[in-house]
Amino acid sequence: LTHQLPIDACAARIEPSLGVYTVVDGAFQDLGSLTLPPLAGVCRYPRLPVTRTWPGVALSGGARLGPFLRGVDYDVGREGAVLDGTGAAFLHWCGPGDPLTLQSGETRITVERLAAGACRTVRLPLNTATAPDLTLTRPDGTPVRLLGPPLPAPQPRERYLPLGDQLVLVGDAAALRGTPENGAGVVTLIWRAARPLQEDYAVSVRFWDEEGNRLTMHDGQPGLGALPTLKWVARGAQIRDPHPAALPHAPASYSIVVYERFRLTSLRSWRTDEAAFAWP
C-alpha cells in the first residue's frame, strides 16, 4: 500500500497510523488500529511549473528581504466557478529569503528559509472569485509587505492541479460530437511535467450521468498512446492529451485518475485520487 503526501504538505516528523475495517450490512465494523513508528520527513520541494508568472518580493524591516514570488496559479471549483471550499490558490516562492508566514482566513502556512535557487509552492484555500486576502508576517510577528502588482483574480475553469510531484493538470476542455442520441465525447487535457518522469503513467477519464452512474471511460497513455510519460524528459514540457469515448447522451460530469501502469497506484492531488469536473 503506497500513500502519497500532497506536494505542498510537509513535516519534519510524520506519525502514521493504520486502521482496518469491513462493511457488514451497510455498517462499518472496526477491526482495529495501530500506530506505526515515526518517520522523518524530507522537505525538499521540486520546482513546480508556473503557468501565470506574477513577480513580487516579501520585504520587512531592516535587511530582511525575500522570498521572491515568481507566480500565482489557481484551481477553481468543480463546477467551473470558484465555489466555497472547492478552489485553491498556489503561490510559487523562491529564495533567497527569510522565513515567511502566510495567513488567509483560518489557514496559516510558514515558508521556511529558502536558499538561492530553492523554491516552494504553497496552497491556500480559495473561497471567492477574487484573489486571496493575504496577511504576511515573519514567524516572530514582524509585518511583511509584498511588493509587486496586486494578486490577479482567478478565471472561470482555471486549472492548476498538481498530481504527486510528477505532473500538473493546467487545462481541460470537453466537447460532444455527433447527435445527442449517438455522440462521442472528447475531453482534452493539458499537462505540464514537473520533472523528467521515470514512471509509465496512464490517464483514465470517466464520464458520469446526473445520477452518478458511469456512462463509459477511456484509459490509456497520454496522446492516445503516442506520448507515454517515459518520454516526458523535459521539466515544464506541455502535453496535449485527448480522450474520446462513445456516449449514449451528453454526460453531466467527468473525472480524471492518473495511475502507474505496472503497480496501479494512483497519483494524489490536493482534492482526491479522482478529480471531478462538470461537463460544460
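These are my notebook entries on a predicted model, written as I looked things up in the structure.

**Entry 1: the whole chain**

I began with the secondary structure, and the chain has zero helices and 20 strands. Next I looked up burial: of the 280 residues in the chain, 44% are buried. For the accessible surface I noted about 14400 Å², with 54% of that belonging to carbon and sulfur atoms. I also looked at contacts between residues at least 6 apart in sequence, and 62% of these join residues at least 24 apart.

**Entry 2: the disulfide**

How many disulfides does a search of the whole structure find? I noted one. Cys94 and Cys119 form this disulfide, and their sulfur atoms lie 2.0 Å apart. The torsion about their S-S bond is about 100°, so I wrote the disulfide down as right-handed. The pair links distant parts of the chain, with Cys94 in strand β7 (residues 87-94) and Cys119 in strand β10 (residues 119-126), 25 residues apart.

Are the two cysteines buried or exposed? Cys94 has a relative accessibility of 11% and counts as buried. Cys119 is buried too, at 9%. Both values are under 20%, which is why I call them buried.

**Entry 3: a sheet of three strands**

I then turned to an open sheet with the strand order β9-β8-β11 and antiparallel pairing. Strands β9 (107-111) and β11 (135-137) stand at the edges with a single partner strand each, so one side of each has no neighbour in the sheet. On average, neighbouring strands here are turned by 20° against each other, direction ignored.

I followed one pairing in detail. Strand β8 (residues 100-104) pairs with β9 in the antiparallel sense over five bridges. Which residue in β9 is the bridge partner of Gln103? I found Arg108 there.

**Entry 4: a glutamine in a loop**

Gln166 sits in the loop between β13 (161-163) and β14 (167-178). I checked its accessibility: at 12%, Gln166 counts as buried. Which residues does Gln166 touch, leaving out those up to four places away in sequence? My list reads Ala193, Ala194, Arg195, Leu197, Tyr201 and Leu267.

**Entry 5: a leucine in a strand**

My last stop was Leu247, which I found in strand β18 (residues 238-247). Leu247 is buried, with a relative accessible area of 5%. I also looked up how Leu247 stands to Arg177: they are 70 residues apart in sequence, and 9.5 Å apart in space from C-alpha to C-alpha.

Conventions. Residues are numbered from 1 along each chain as its sequence is written. This is a predicted model: local features need pLDDT of at least 70, side-chain atom pairs count only at pLDDT 80 or more; totals for chains, interfaces and linings use all residues. Side-chain values use heavy atoms; hydrogens and water are left out. Two strands pair if DSSP finds at least two bridges between them. Helices (H or I, at least four residues) and strands (E, at least two) are DSSP runs, numbered from the N terminus. Axes are lines fitted to C-alpha atoms, for helices over the stretch in contact, and angles run from 0 to 180 degrees between N-to-C directions. Buried means under 20% relative accessible area, exposed over 50%, partly exposed in between (1.4 Å probe, protein chains only). Contact means heavy atoms within 4.5 Å. Accessible areas come from the Shrake-Rupley method with a 1.4 Å probe; for residues, only the protein chains shown count as cover. A disulfide is a pair of cysteine sulfur atoms within 2.5 Å.
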